[in-house]
Amino acid sequence: MISPLIRPTFRCALSIALILTSLGVGSGAPRSVEKSKVIVSAIIIDGSGRPGFRANVRIVRDRIAKVGRFAPRADEEIIQARGMIIAPGFIDIHNHSQEGLEREPVATNQVSQGLTTLALGPDGGSPWPVAEYLKKREEQKIAVNVLSFIGHATVRQQVMGKDYDRAATREEISKMAALVDQAMREGAFGLSSGLEYDVGRGATTEELIELARAASRQSGIYMTHMRDEEEGMLDALAEAIRVGREARLPVQISHIKMGNRNVWGQAHKAIALVNRAHGAGLDVTADCYPYTAWASTITVLVSNRHHEDKQEVEKDLQNVGGASHVLVTNCRAHPEFEFKNLEEIATLTNTTAVEAYQRIVHDGGASVVCSSMNEADMGAFYVQRWVMVASDGGIGSRHPRGSGTFPRVLGRFVREQHWLTLPAAVRKMTSLPAKRLGLTDRGLIREGMKADLVIFDPKRVIDRSTFKEPQLLSEGIERVLVNGEAVWEGGKTTGRLPGEVIRKQVGPSKP
């Protein structure tokens, strides 16, 4: 167990070199002495995927200054980490804490699972304008680093208003592309889409290609919640790859899955499709959360949106395993339904499950968690080198992935089930998403990199959040540093807010 106490030791006389440095000699105006920290006695898993090694890590201000076998100086703070793992801070490439950070800047359920950087604006929904949102986070101060995508649905609504259930005109597409270009110049990292949702589902592939080209000209990526994750999954995956090929930009498949029992056992087909794209020189990666249940709005259960058709509703409920597999997590019109499944709600209301579904949709809808995937397919995706870990959760999430994703992979998939080695799992949480996002100073433990670090107990790290209690915090994450400052230690947040807003740097547009 890491002691929460730091052991600073002082000497009366400093070396001449330290005095000169502290006074700023040769570098302009004087500045105050800034004490460095050294993490000692841990095993470093550096994020690259290579085996762990024993070394100390020196931190000066917000950077890693030295990695190796060296003795700490007498004036340095010592963080004792014997028996622990030091890893780069975890990067969540698919996170929904956009509004949560405004409410809770310390981001408790994020930092408690080792997260140091959150990529916001996935699934087609993002801040608008991006520049305004990022500026507010800078002014507010937050515990974690944040960056943002620009959402396809967001710009679609800006241009089309509520008349979005159709293909856009050429003029509308041109206006949307201009908004994507604006967002990229404001620091967005790429275009995200949510093609299963009402605002995005009317878009043609050609519309997506044109908007992706706007992102591509500023070296962005295309991140997509595909049009279908169930019976049409392979066609949807092919569409996403086509967008990347024709718009000439990398593709990130969000929360890759085989979404219902009709496509169970077909993960190998999706894997083969992505590998063929790699063979053709295309840049395609994916992320995956470690649960066999997805979370969304209740209306996506009926893909054709014919909610009044009882036979259609019954069929689609059977496709996900039945009404007992659909858990209502948030329902404004009927809070008494929350954390009950449709079968239980039907019993409570003396109706059928189909009627319960139709009543909820009629009364404004609900958020649901649907247990319709299987572990074998999930495992097949997780072992692919091009699949990274992401939560699709966030602050206040009512799915356990919001609080448990990263410790769950470390505890269950690495320690208990041996799906992955520890270095491979850490790579999927650190350098792989960093590379996909183009973050050159995060994701690895190297001299000169930002001091975003996680110290955890490999024997104890585990998730505790459940579908009934999704806010339970994980165990075994002992200390989390963001830009060199501790934001989580001793089982609680420190109250420090050292997070940075990260804007994608853009230059002259590519042709």
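Guide: Glu 229 and Lys 257 form a salt bridge in which the closest N and O atoms are 3.0 Å apart; the term denotes a side-chain nitrogen of Lys or Arg within 4 Å of a carboxyl oxygen of Asp or Glu. The model is a predicted one, in which local features need pLDDT of at least 70 and side-chain atom pairs count only at pLDDT 80 or more, while totals for chains, interfaces and linings use all residues. Residues are numbered from 1 along each chain as its sequence is written, and side-chain values use heavy atoms, with hydrogens and water left out.

Glu 229 belongs to the loop between β11 and α8, and Lys 257 to the loop between β12 (251–253) and α9 (267–279), so the bridge ties together parts that are 28 residues apart in sequence. Helices (H or I, at least four residues) and strands (E, at least two) are DSSP runs, numbered from the N terminus. Glu 229 is buried, at a relative accessible area of 7%, and Lys 257 is likewise buried, at 6%. Buried means under 20% relative accessible area, exposed over 50%, and partly exposed in between, with a 1.4 Å probe and protein chains only.

The structure has 4 cavities of 30 Å³ or more. A cavity here is a set of points, on a 1 Å grid over the protein atoms alone, where a 1.4 Å probe fits but cannot get out; lining residues have an atom within 4 Å of a point. Grid points are joined across faces, edges and corners, and a volume is the space filled by probe spheres set on the points.

The loop between β11 (221–225) and α8 also holds Arg 227, which pairs with Glu 239 of helix α8 (residues 233–247), so this contact ties together parts that are 12 residues apart in sequence. The closest N and O atoms of the Glu 239 and Arg 227 salt bridge are 2.8 Å apart. Glu 239 is buried, at 11%, whereas Arg 227 is partly exposed, at 27%.

In total, 39 salt bridges are counted. One of them joins Arg 63 to Asp 62, with 4.0 Å between the closest N and O atoms. Arg 63 is partly exposed at 30%, as is Asp 62 at 22%. These two residues belong to a salt-bridge network that links Asp 62, Arg 63, Asp 441, Arg 442, Lys 450, Asp 452 and Glu 500.

Charge also meets aromatic rings. The charged end of Arg 137 sits over the ring of Tyr 133, 4.6 Å from its centre, and Arg 401 lies over the face of Tyr 289, at 4.6 Å from the ring centre. The criterion is NZ of Lys or CZ of Arg within 6 Å of the ring centre and within 35 degrees of the ring normal.

Among the rings themselves there are 4 aromatic pairs. Rings of Phe, Tyr and Trp (its six-membered ring) pair if their centres lie within 6.5 Å; planes under 30 degrees apart count as stacked, over 60 as edge-to-face and the rest as tilted. Tyr 291 and Phe 467 have ring centres 6.4 Å apart and planes at 80°, so they are edge-to-face. Tyr 291 lies in the loop between β13 (284–288) and β14 (293–297), and Phe 467 in the loop between β19 (453–456) and β20 (477–482), so the pair ties together parts 176 residues apart in sequence. Tyr 291 is buried at 4%, but Phe 467 is partly exposed at 29%.

Tyr 382 and Phe 413 are also edge-to-face, at 5.3 Å centre to centre and 75° between the planes. Tyr 382 is buried at 0%, and Phe 413 is buried at 1%. With Trp 419, these two residues form one aromatic cluster.

Finally, the count of disulfides, pairs of cysteine sulfur atoms within 2.5 Å, is 0. The sulfur of Cys 288 is 16 Å from the closest cysteine sulfur, that of Cys 370, which is too far for a bond. Cys 288 is buried at 2%, and Cys 370 is buried at 0%.

Terms used. 1 Å grid on protein atoms, 1.4 Å probe; cavity = no way out; pocket = protein on both sides within 12 Å on 5 of 7 lines; lining within 4 Å.
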